[in-house]
Amino acid sequence: MSRTVNIVGAGHVGQTLGRLFVQSGALEVRGVLNRSLASAREAIAFIGAGAPVDAAHRLPIADITLVTTGDDAITETARSLVAAGAIVPRASVAHCSGALTSDALRVAREAHAHVASIHPVMTFPDPAHAVERFAGTYCGFEGDVPALELLLPCFTAIGAVPFAIDPQHKAAYHAGAVLACGSLVTLIEAGLRCFSAAGVERPVALRALAPLVEATISGALRDGPAAALTGPIARGDDGIVALHLETIARIDPTLVPIYRSIGLLALDLAAQARRGDTAGHAQIRARLGAA
C-alpha cells in the first residue's frame, strides 16, 4: 500500500514535486489546498492526481502533509492545519524552505506530529521544465527522524540526492545558495550595464557574454573557484583595476561597491591559487579596501 500526501500551497514547487511523486509512484497525492479552488484544480491538472479542497478541515487524512507555501506563510499555515484537525498524531509534516528550519512547523510537533524540512537546491521558474531536470537535484534536509525516514525514500525515488544540514546554521546554507545563484544573475546584469556604456546593445552583449560565463561556471564547478579565477585581479594588475573603478564610478556608481567587495574576495582566491603578482595584489587590496 503506497503512502499518501496532501499538498498545501501547490505553486511551482508543490506542483513539481506532486507530479514527480505521481509519476514515480513514490506517493499517492490525495488532497490539494490552495488559496482558491480554481488554482487547486489547475495544480491538480498538472500533477495528474488529487482532489481540490477549499478549506483545511476538508483535507483527507494523509501520511504526509507537504507545505509548499511561501516562507512567510509556513508557520501560520501549519497553525491553521492543526486547528482544523488536518494534522493527526504521528503523521509527518514537512516544508521546502531553504531558509527556515523545521522548527517553523513546531505547532505541528506540539500536536504530536513529526516535522522536517527538505529543500531542493534548484530553481522552479516553470514546473514542466523543473520536472524534466529534477533528477540529480541535491536536497538539504533536517528534522525529526520519523519524518525523515518517511520522506527521504520518497525524494530519492524521484531522483533527489539528499544531504544533511545543520539546522542551527540553515540561514547560512540558504545565503550561500542565493549568493551562488541569485547574485550571479545580478552580476550578469552589472556586466550588461557596462557593455551598454560601451555602446553594445543588450541582445548582442548577452550573446557575447554567454560562452564566457558558461565556460567560467563550468570551470569553477569542475575545478573549484580558485583554479577557475582569471582576470586583472588574479594577475595583480593594479592599473587595470584602477581604470575599472574610475570608469564604473562614472557610468554607474551603484556598481562600485559590488566591484570592490567581489574584488576583495577574488584576492583571497588568488592567494589560495598562489597565482599572480603578489605586490600587485597588495596594491589592489589597498585600493579596493579604501573608502
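Predicted model: local features only at pLDDT ≥ 70, side-chain atom pairs only at ≥ 80, totals over all residues.
## Helices side by side, and a pocket

Residues are numbered from 1 along each chain as its sequence is written, and side-chain values use heavy atoms, with hydrogens and water left out.

Two packed helices are described by the angle between their axes and the distance between the axes. Here α13 covers residues 256-273 and α14 covers residues 278-289; their angle is about 155° and their axes are 9 Å apart. The pair is therefore roughly antiparallel (the word applies to angles over 145 degrees; under 35 is roughly parallel, 65 to 115 roughly perpendicular, and the rest oblique). Among the α13 residues that meet α14 are Tyr 259, Leu 264 and Leu 267, and the α14 side includes Ile 284 and Leu 288. Contact means heavy atoms within 4.5 Å. By class, this contact has six nonpolar, three polar and four charged residues (Ala, Val, Leu, Ile, Met, Phe, Trp, Tyr, Cys and Pro are nonpolar, Asp, Glu, Lys and Arg charged, and the others, Gly among them, polar).

Now look at the other partner of α13. Helix α12 (residues 238-251) packs on α13 at about 155°, with axes 9 Å apart, so α12 is roughly antiparallel to α13. Val 241, His 244, Leu 245, Ile 248 and Ala 249 of α12 meet Val 256, Tyr 259 and Arg 260 of α13.

How do α1 and α2 pack? Helix α1 (residues 12-24) and helix α2 (residues 37-47) lie at an angle of about 40°, with axes 8 Å apart, which means that α1 is oblique to α2. The crossing of α1 and α2 is right-handed. Gly 14 and Val 22 are among the α1 residues in this contact, and Ala 43, Phe 46 and Ile 47 come from α2.

Finally, find the second largest pocket. Its lining has 17 residues, with Gly 9, Leu 33, Asn 34, Arg 35 and Thr 69 nearest its centre. Six of the lining residues are nonpolar, nine polar and two charged.

Conventions. Axes fitted to C-alpha atoms, helices over the stretch in contact; angles between N-to-C directions. Helix = DSSP H or I, 4+ residues; strand = E, 2+ residues; numbered from the N terminus. 1 Å grid on protein atoms, 1.4 Å probe; cavity = no way out; pocket = protein on both sides within 12 Å on 5 of 7 lines; lining within 4 Å. Left-handed = near helix turned anticlockwise from the far one by under 90°.
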